[in-house]
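Thank you all for coming.

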Amino acid sequence: MKSWFIGRHSFLGVVAAILAVAIDQGQKYWALYIHDIANSGPVDWTPNLQFVLVWNRGVSYGMFQQETEFGRWALISFRIAAVVLLLAWLARISTKIGAIAIGLIIGGALGNAIDGVFYGAVADFFLLHAGDFSWYVFNLADVAIVAGVALLLYDMVVNKEPQTHGSS
């Protein structure tokens, strides 16, 4: 009998997820409690990178902002549901790169869900800007998600074989 959540490369994906969550939450702990960014204010690290604190009560790019408790828990539930679906996908992935990619996406989603549970919003810190143009403020969980999607796309292009196991 085939498991819905355990596959050939599941362990590798879970390790990638755990590392992504640990790095994300460690950086957030440092920024919030050791550096105390809320009281110390923004820091210009380079001419184009600023370390700031922004509380995001929505999803990527600040979309779907939620100010109510219902909205907060709806977003947390959405992130957890996404993790469950990604774990099922991870069990079927046929390449190591694909497993790492899915693991990074899972870790990023979990890192942001943890913020929602403990802070009521996602803590974002990194602002890229050039002149009057500025990108959105993001965190290391977002970096893990973007890196995971990029790796997944790379894996799909490089490996022409089907990406999931058959139902045999």
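**A walk through the fold**

Let me begin with the surface, where the protein chain exposes about 9600 Å², of which carbon and sulfur atoms supply 71%. Please keep in mind throughout that this is a predicted model.

Now to the overall layout. The protein chain holds five helices and four strands, and if you follow the elements from the N terminus on, they run α-α-β-β-α-α-β-β-α. Of the 168 residues in the protein chain, 41% are buried. When we take the contacts with a separation of 6 or more, 70% of them are between residues 24 or more positions apart.

Which residues make up the largest nonpolar core? There are twelve in all, and they are Ala17, Val83, Leu86, Leu90, Ile93, Ala99, Ala101, Ile102, Ile105, Ile106, Ala109 and Leu152. Two elements give two or more residues to this core, namely helix H3, residues 69-92, and helix H4, residues 96-119, and the largest share, six residues, comes from H4. Apart from this core lies another one, of eight residues, among them Leu32, Ile37, Phe51 and Phe125. As general background, nonpolar side chains in soluble globular proteins tend to be buried together.

Let us stay with helix H3 for a moment. H3 has 24 residues and reaches 35 Å from its first C-alpha to its last, which is close to the 34 Å expected at 1.5 Å a residue. Several of its residues are buried, including Gly71, Arg72, Leu75, Ile76 and Arg79, and the buried residues of H3 pack against H1, H4 and strand S3, which covers 122-130.

Next come the charged side chains. How many salt bridges does a search of the whole structure find? The search finds two. In one of them, the side chains of Lys28 and Asp24 meet at 2.9 Å, N to O; both residues lie in helix H1, residues 10-34, and they are four residues apart, about one turn of the helix. The general rule behind this is that an α-helix has 3.6 residues a turn, so residues three or four places apart point the same way. In the other salt bridge, the side chains of Asp115 and Lys28 meet at 2.6 Å, N to O. This pair links distant parts of the chain, with Asp115 in helix H4 and Lys28 in helix H1, 87 residues apart. Taken together, Asp24, Lys28 and Asp115 are linked in a network of salt bridges. Are these residues buried or exposed? Lys28 and Asp24 are both buried, and Asp115 is buried as well.

Back on the outside, Trp4, Phe5, Ile6, Ile80 and Val84 form a nonpolar patch on the surface, with about 530 Å² of accessible area together. Trp4 lies in the segment before H1, and Trp4 counts as exposed because its relative accessibility is 58%, where the cut-off for exposed is over 50%.

My last stop is Asp36, in the loop between H1 and helix H2, residues 37-40. Phi of Asp36 is near 60°, a positive value in a residue other than glycine, whereas most residues other than glycine have a negative phi. With 28% relative accessibility, Asp36 counts as partly exposed.

Methods: Residues numbered from 1 in each chain as written. Predicted model: local features only at pLDDT ≥ 70, side-chain atom pairs only at ≥ 80, totals over all residues. Heavy atoms only, no water. Core = buried A, V, L, I, M, F, W, Y, C linked by side-chain atoms within 4.5 Å. Buried < 20%, exposed > 50% of the residue type's maximum accessible area, 1.4 Å probe, protein only. Contact = heavy atoms within 4.5 Å. Areas by Shrake-Rupley, 256 points an atom, 1.4 Å probe, with all protein chains shown as cover. Salt bridge = Lys/Arg side-chain N within 4 Å of Asp/Glu carboxyl O. Patch = residues over 30% accessible without salt bridge, like charges linked within 9 Å, V, L, I, M, F, W, Y side chains within 5 Å. Expected span 1.5 Å × (residues − 1).
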